[in-house]
Structure formats: C-alpha cells, structure tokens
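Please find below some notes for a colleague who is opening this structure without having seen it before. They are set out as numbered points.

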Amino acid sequence: MALHLSERGAGEVVVLERTGIGAGASGVQPGGVRQQWGTRVNCLLARESVGFYGELVERLEARVDPHFRACGYVFLAHSEPALAQLGANVELQNGLGIPSRVLSPIEAAERVEGLVADSLTGAAVCEEDGYFDRPQAVVEAFAEAARRSGVRVERRGVRSLARDGAAWSIDGTLLAGQVVVAAGYDTPALLGPLGVDLPIRREARFLFLGEPVPERLLEPLVVSPERRFAAKQLADGRLLASDLGASGDPATERERWRARIKELITDLLPPLEFVPLPRLVEGLYDVTPDHQAAIGPVAGHEGLFVAAGFSGHGFMIAPAVGRGVAAMVLGEEPGEPFAALGPERFATGALVPEPQIV
Ligand SMILES: Cc1cc2nc3c(=O)[nH]c(=O)nc-3n(C[C@H](O)[C@H](O)[C@H](O)COP(=O)(O)OP(=O)(O)OC[C@H]3O[C@@H](n4cnc5c(N)ncnc54)[C@H](O)[C@@H]3O)c2cc1C
C-alpha cells in the first residue's frame, strides 16, 4: 500500500518496520496464489491480484524474476457435503470469471498422477492457481519499488499511537496525518489502548520440507481440507507437505505430525511415500473469527486504518489490498470487496465466513 500511496502522490510515505521487510509471515509463506475461494470478496481480491502478479516483473521492475508457476490447485472432497461446497464455490468462481471446475474422482486421478481416488467423492481444480518459485523475491520487489518511488522504510518498533490535534502521534515523537496499522498478529496490541478491540489471534502453522528430488512427483498442489493435508513439489524438487491441523509444541509433537503426514501420503499420494521430510518450518497465521482480513478505517478514529488478520492468505491478495487501502487513505472509493471487510464487522456481527480455507 506504501507503493500505491507514493505512486499516487500521497506526499511523504513512511513504513515503520520493527525488524525488517519480510520479518513476519510474509517472509515464511511459500508463495501460494489461488483464486478458488468460497466468498465473493476473496474471489474478487484474488482475481485482481492475479492480474497484477501476471505483470509483476515489469510493473515493479523486479531485479529477480520470482517466476509464477501455474501448476493448478486441486481441492479434494471425501464426502458429499464437501463436494457440494466445492460445487457451490466453483459456481461462484465461474460467475466471476475464474476458470475452475469440478472433477469426478476418475478425472481427479487423471489430473494428479499417482492420486488414489478410492476415498474421493470428487474434487475441484483451477489451472490458473499456482505458486511463486521465489516468494521472497516478490516481497523484496515490492519493497524496492516502494523505495524507488520515494517511500522511506525506517527500522523501528512502534509502541503507541495517540491522537495529537489533527494528526497521529507515534510514540510521541513522529506525527502523521494518516496511519495504517498493518502489523499482523501484533495489530491488536497497537489498537487496544485506543479502545479498539480487534479479534486477531496467532495460530501456529507447520510445514515439512524435503530435500530436492530430481523427478517431478507431484505437479498440481493438492489440498484435502477434510483430512487437513496439503502437499506440493517446489520448483527445486523439494516436497512441501503440511498437517494443517497440527498444533502443540514442535519439540514433542513433530514426530507425530510427520507420521500423520506419511500416513496421508501413503493413503492419497503413494508416489511420494519414500520422500523424506527432514525439515520443519514454523510460521504464524494472524486469524480472525471469519478467516477474512480486517481492512478499512477504524470507526471513531479519523485518519486511522487497519489492514491485518489475513488468516493465511495475505500474500495472494496483497496487490488488491494495497491498491484498496491506498484508495481509502486518499479518500476514494476502494471498490466492492472492501465494503464487507471493515474492522467494525466483528462488533456488529456482520461476519463474512470464508469456507475454502487451508
Ligand atoms: C506457514 C505459512 C504459510 C503461508 N502460506 C501462504 C500462501 O501460500 N499464500 C498466501 O497468500 N499467504 C500465505 N500465508 C499467509 C501470509 O504469509 C500472510 O497473510 C501475509 O504475509 C501477511 O502479511 P502482513 O504484512 O499482514 O503480515 P506480516 O508479514 O506478518 O508483517 C507484519 C510486520 O509487522 C511488523 N510489526 C509488528 N508489530 C510491529 C510494531 N509494533 N512496530 C513495527 N513493526 C511491527 C513485523 O515485524 C512484521 O514484519 C502463509 C503464512 C504462513 C505462516
């Protein structure tokens, strides 16, 4: 959003970052970008962002091409209700121009080489979904483009925000006309003292990583929401697999999680059975009650905005969110998806539950 603001001539734009660009979830995420969502807001944000990402290298003058690999995402259903939900989501997506489709178990097995389809009722796929080979290069490209356009990035941990006349005082030392709090799971700690209660909680996520394997063993990304399992093979040949339900202390639980992933692989994707998964990567989601970000002005606090609580999908919708938040700060209408995502919805109960989460 700093880039959009600066490009649009918003005056002096300063990013205050406690640790460094990509220090939070943005530096951990493996670059997944999908348009298969179950709410209109996410479909719209994802579709707009995919358009931006398609032109990323030229648009941001990126030094390194992060290379987007449209390998497709395949969501598996193991029950009739899960298949009905995928079907409803595909209908919504198709109505918004997203080229997803429902697959029979046989079609799913044809699409995913080696997939055991016995337990499936069906699946859904979007061939435009995929991932960046170098997701951190995307984050860096945004930061560099912002700096080039005049944004100042200052390494500084913000402790407090307070209204000071017509401006916002940051830690009592810096004045800003408008402030956007986009501090991931730390956002509530900054807004709480202002009387703003934002229900964003941390949720640990664990990814297991293998060593590079020369053969292509898995082409699309495969997700089984019911079995709480996801796997993909990265461009460098490493397998990435996740027990999406894993919770607890990795020191004591990691072997149990690894064993569960191995079991799921044996059941669903036996060609991956003998790929070791030696490394465990931990990251933190910033999760809201409806698994949608809180984006918009903070009611009763003029000039204060929030963009946080991305619930595990902030990277893929970042281009649209950046544009939308910049528009809000400039006093413009940001577009349809933002109307439903304001932070006041948690108090009013106007939640927008996203059913297709990972
Ligand atoms: C394991 C994992 C896998 C994921 N996979 C995907 C994926 O495939 N696709 C996808 O779209 N999304 C994915 N996500 C989610 C995605 O990474 C996040 O939604 C996104 O990065 C959120 O960006 P953000 O800028 O809001 O937060 P962050 O990247 O967490 O940035 C918040 C920043 O705020 C700074 N900060 C905090 N408090 C202060 C303070 N007081 N003062 C100054 N600075 C402060 C932090 O240092 C941090 O750098 C994944 C997340 C995880 C953890």
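In which sense do β3 and β7 pair, and over how many bridges?

1. The pairing of β3 with β7 is antiparallel and runs over 2 bridges. Arg69 has Tyr131 of β7 as its bridge partner. As with everything below, this is read from a predicted model.

2. These two strands belong to an open sheet of 3 strands, ordered β2-β7-β3, with antiparallel pairing. Its edges are β2 (32–33) and β3 (68–69), each of which pairs on one side only. In general, the strands of a sheet pair through backbone hydrogen bonds, either parallel or antiparallel.

3. The division into domains comes next. Domain 1 is made up of 2–27 + 134–194 + 290–347, and domain 2 of 68–132 + 202–287. Taken over C-alpha atoms, the centres of domain 1 and domain 2 are separated by 31 Å. Contacts between them involve 12 residues of domain 1 and 7 residues of domain 2. On the domain 1 side, the touching residues divide by class into 6 nonpolar, 5 polar and 1 charged.

4. The ligand is surrounded by 32 residues, and the closest are Gly24, Ser26, Gly32, Gly283 and Gly314. Domain 1 and domain 2 each give at least three residues to this shell. Sorted by class, the shell holds 16 nonpolar, 12 polar and 4 charged residues.

5. Which strands supply the ligand shell with at least two residues each? They are β1 (14–17), β13 (201–209) and β17 (279–287). The largest share, 3 residues, comes from β17.

6. Helix α6 covers residues 135–148, which makes 14 residues. From its first C-alpha to its last, α6 reaches 20 Å, close to the 20 Å expected at 1.5 Å a residue. Just after α6, Gly150 has a positive phi of about 110 degrees.

7. The buried residues of α6 are Pro135, Val138, Val139, Ala141, Phe142, Ala143 and Ala146. What do they pack against? Their partners are α1 (2–7), α3 (56–60), β7 (130–132) and β8 (152–155).

8. Why is strand β15 described as largely enclosed by the rest of the structure? The reason is that 5 of the 5 residues of β15 (residues 229–233) are buried. Phe229, Ala231 and Gln233 point one way from the strand, while Ala230 and Lys232 point the other way; all are buried. In a regular strand the side chains alternate between the two faces of the sheet.

9. On one side of the sequence, β15 is joined by 3 bridges to strand β14 (residues 221–224), and the two run antiparallel. Val222 has Ala231 of β15 as its bridge partner. The hairpin of β14 and β15 has 4 residues between the strands, and in this hairpin Arg228 takes a positive phi near 55 degrees.

10. Strand β16 (residues 239–243) is joined to β15 by 5 bridges, again in the antiparallel sense. Here Ala230 stands opposite Ser242 of β16. A hairpin is formed by β15 and β16 with 5 residues between them, and Gly237 in its turn has a positive phi of about 95 degrees.

Terms used
Residues are numbered from 1 along each chain as its sequence is written. This is a predicted model: local features need pLDDT of at least 70, side-chain atom pairs count only at pLDDT 80 or more; totals for chains, interfaces and linings use all residues. A residue is near a molecule or strand if its C-beta atom, placed from the backbone, lies within 6 Å of it. Ala, Val, Leu, Ile, Met, Phe, Trp, Tyr, Cys and Pro count as nonpolar, Asp, Glu, Lys and Arg as charged, and the others, Gly among them, as polar. Domain bounds come from an automatic or database domain assignment. The expected span of a helix is 1.5 Å times one less than its number of residues. A residue is buried if 20 or more other C-beta atoms lie within 10 Å of its own, exposed if 12 or fewer, and partly exposed in between; C-beta atoms are placed from the backbone. Two residues are in contact if their C-beta atoms, placed from the backbone, lie within 7 Å. Two strands pair if DSSP finds at least two bridges between them.
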